Amino acid sequence: MNRVAGKVAIVTGGARGIGRADALLLAQEGARVVIADIDEAGGRAVAATAPGIEFVAHDVRDEPSWKKLVADTVARHGRLDVLVNNAGVIHVGDPLTSDRSETRHMFEVNVDGTMLGCKYAIPAMIEAGGGSIINMSSIASSSGLYFFAGYCASKGAIAAYTKVVAVYCAQNRLNIRCNSIHPGGIDTPMNTGLEKEFAAKIAGMRLPPNSPVSADAPKMRYGEPNDIAFAVLYLASDESKFTSGSELYIENTSTITAAVVG
Ligand SMILES: NC(=O)c1ccc[n+]([C@@H]2O[C@H](COP(=O)([O-])OP(=O)(O)OC[C@H]3O[C@@H](n4cnc5c(N)ncnc54)[C@H](O)[C@@H]3O)[C@@H](O)[C@H]2O)c1
């Protein structure tokens, strides 16, 4: 209990899925949590379930909205200690079939959203005397999952940018840490939606027989949102005070299992 007592945290994309679990666990461990999401009904429902959580309508692509979100959080709660850049979107497409507008959507939410979050959180954390930024990447950042071509590129960008922010903060002695979390498949609405998108696009894609998304591939074992939330809790807490610039993979061996190719 109370592993993040007294801390003030913003969790983007906290209306459902992994972000919802992050918000609930941080609040349970003593933080005041602001969920920032475009899903107003979902966000308000999560806020209503736990004291210490509030909801703010926020699109992570919108720079003025970031400015206001951080300023209002500091005005209401006096400080900002933790930012979880969790909001993310995914689309299906291989290197030949990726749709440009879908790719742009992923880069705007996943990459621009994360960069803007860092830009506005860092000054507030300097005022607070330090802080922790947690960026939600994916195993896709380093796994060549070619059927998620643009998504992989966006998650790789998040991993790279995390290191930029970590070194910037360390070199300037800001006492702000920045780490990325790389989940494997987690049971959330994102994956439910993906199944429909695959069904619509699969005929146009090159999927070899050994592809993990071929019709005859074994069903994947998903993790639970809380498997990621416990990593968020560690990185948000002072227990991780010597950890910055790291990539924390939570994925039960999928990235180190050799595939038979060729
Ligand atoms: N579920 C997985 O298997 C998995 C694996 C690896 C990484 N991730 C990453 O974890 C994060 C959370 O994924 P999830 O599975 O919970 O997804 P989800 O789709 O269930 O939830 C995503 C949340 O982000 C919000 N969101 C989307 N666009 C937004 C925007 N422009 N501004 C603000 N909020 C916005 C949605 O409203 C939703 O509440 C994402 O960054 C995702 O890429 C998920």
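How much accessible surface does the chain have, and what share of it belongs to carbon and sulfur atoms?

1. The accessible surface comes to about 12700 Å², with 57% belonging to carbon and sulfur atoms; areas here come from the Shrake-Rupley method with a 1.4 Å probe, and for residues only the protein chains shown count as cover.

2. A word on the basis: this is a predicted model, in which local features need pLDDT of at least 70 and side-chain atom pairs count only at pLDDT 80 or more, while totals for chains, interfaces and linings use all residues. Residues are numbered from 1 along each chain as its sequence is written, and side-chain values use heavy atoms, leaving out hydrogens and water.

3. You will find 7 helices and 7 strands in the chain (DSSP runs, numbered from the N terminus: helices are H or I with at least four residues, strands are E with at least two). Along the sequence they follow the pattern β-α-β-α-β-α-β-α-β-α-β-α-α-β.

4. The C-alpha atoms fill a box of roughly 55 × 40 × 35 Å along the principal axes. Of the 262 residues, 48% count as buried (under 20% relative accessible area, with exposed over 50% and partly exposed in between, using a 1.4 Å probe and protein chains only).

5. Now to one residue: H91 sits in the loop between β4 (82-85) and α4 (100-128). With a relative accessible area of 14%, H91 is buried. Not counting residues up to four places away in sequence, H91 touches E102, H105, M106, F148 and E197 (contact means heavy atoms within 4.5 Å).
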